[in-house]
Amino acid sequence: ETASLFFTNILNLARKRVWIATPYFIPDEATMVALRLALLKGVEVRIITPELNDNWFVRHAANVYLSELAGLGAKVHSYERGFMHQKVMLVDDRVAIIGTVNFDNRSFRLNFEISGVVADKAFAGELERMLRTDISHSSELLDYRLEEESFWDRLKARGSALLAPVL
């Protein structure tokens with residue numbers, strides 16, 4: 001569970017912001033708790049996921065988690081220029097994380113994954129510029145609430161979320 005422990009810890013250390021870009025956003029409970037706590041202590045949380053996804057279940061299950069975090073103040077962005085496959089995180093103004101780890105149980109516990117952590121203000125600035133460009137090619141899901149979606153969209157999201165441990 002190294003990846004889950006690492007991301008939970010780095011989220012708990014954030015003071016200013018956490019920006020996450022990942023194609024698969026189905027965090028485990030520990031990571032969700034850390035994200036909730038970050039939002040409650042005033043950390044800016046932005047999550048960028050692709051509008052197009054290569055996994056139907058993942059795309060719908062992610063809506064459960066994104067809706068909850070948006071309700072707590074996270075900014076959720078849907079990348080519109082094709083399938084975004086990057087896995088990066090920017091923490092505050094100094095820490096950049098780039099690797100193969102998705103925000104899902106498979107990456108946290110099953111797959112052999114790797115991430116590089118660079119604690120350098122200049123490098124983090126470059127990552128920020130890249131993410132700002134990605135955000136400019138995204139639509140922000142303003143006030144996203146799953147409960148306001150159609151019955152079928154809620155059913156797809158909740159049903160898919162039941163598979164979260166294996167997605």
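Modeller: We will go from the overall fold to the cores, the cavity and a few residues.

Modeller: This is a predicted model, in which local features need pLDDT of at least 70 and side-chain atom pairs count only at pLDDT 80 or more, while totals for chains, interfaces and linings use all residues. Residues are numbered from 1 along each chain as its sequence is written, and side-chain values use heavy atoms, with hydrogens and water left out.

Colleague: How many helices and strands are in the chain?
Modeller: Helices (H or I, at least four residues) and strands (E, at least two) are DSSP runs, numbered from the N terminus. Here the chain has six helices and seven strands, and along the sequence they follow the pattern α-β-α-β-α-β-β-β-α-β-α-β-α.

Colleague: What percentage of the residues count as buried?
Modeller: Buried means under 20% relative accessible area, exposed over 50%, and partly exposed in between (1.4 Å probe, protein chains only). Of the 167 residues in this chain, 49% count as buried. Contact means heavy atoms within 4.5 Å; among contacts between residues at least 6 apart in sequence, 79% join residues at least 24 apart.

Colleague: Which residues have the most contacts inside the largest nonpolar core?
Modeller: In soluble globular proteins, nonpolar side chains tend to be buried together. A nonpolar core is a set of buried Ala, Val, Leu, Ile, Met, Phe, Trp, Tyr and Cys residues joined through side-chain atoms within 4.5 Å. The largest one here has 33 residues, and Phe7, Phe25, Leu35, Val45, Leu69 and Met89 have the most contacts inside it. Elements giving it two or more residues include helix H1 (2–13), helix H2 (29–40) and helix H3 (56–71). H3 supplies the largest share, seven residues. A second, separate core has twelve residues, among them Val88, Leu90, Ala96 and Leu131.

Colleague: What does Leu69 contact, leaving aside neighbours within four places in sequence?
Modeller: Its partners are Phe25, Met32, Leu35, Arg36, Leu39, Ile47 and Ala74.

Colleague: How many cavities of 30 Å³ or more does a search of the whole structure find?
Modeller: Rolling a probe the size of a water molecule over the atoms shows where empty space is left. On a 1 Å grid over the protein atoms alone, a cavity is a set of points where a 1.4 Å probe fits but cannot get out, and lining residues have an atom within 4 Å of a point. The search finds one cavity of 30 Å³ or more. The largest cavity has a volume of about 60 Å³, the volume being the space filled by probe spheres set on the points, which are joined across faces, edges and corners. Of its 13 lining residues, Phe7, Lys87, Val88, Val101 and Phe103 are the closest to its centre. E5 gives the most to the lining, with three residues.

Colleague: Is Thr49 buried or exposed?
Modeller: Thr49 has 10% relative accessibility, so it counts as buried. It is found in strand E2 (residues 44–50). Leaving aside neighbours within four places in sequence, Thr49 has contacts that include Phe25, Leu66 and His77.

Colleague: And is Leu40 buried or exposed?
Modeller: Leu40, in helix H2, counts as exposed because its relative accessibility is 65%. Its C-alpha atom is separated by 8.7 Å from that of Gly73, 33 residues apart along the chain.

Colleague: What does Glu128 touch, not counting residues up to four places away in sequence?
Modeller: Glu128 touches Arg17, Trp19 and Leu90 by that count. This residue is in helix H5 (residues 121–136) and, at 18% relative accessibility, counts as buried.

Conventions: 1 Å grid on protein atoms, 1.4 Å probe; cavity = no way out; pocket = protein on both sides within 12 Å on 5 of 7 lines; lining within 4 Å.
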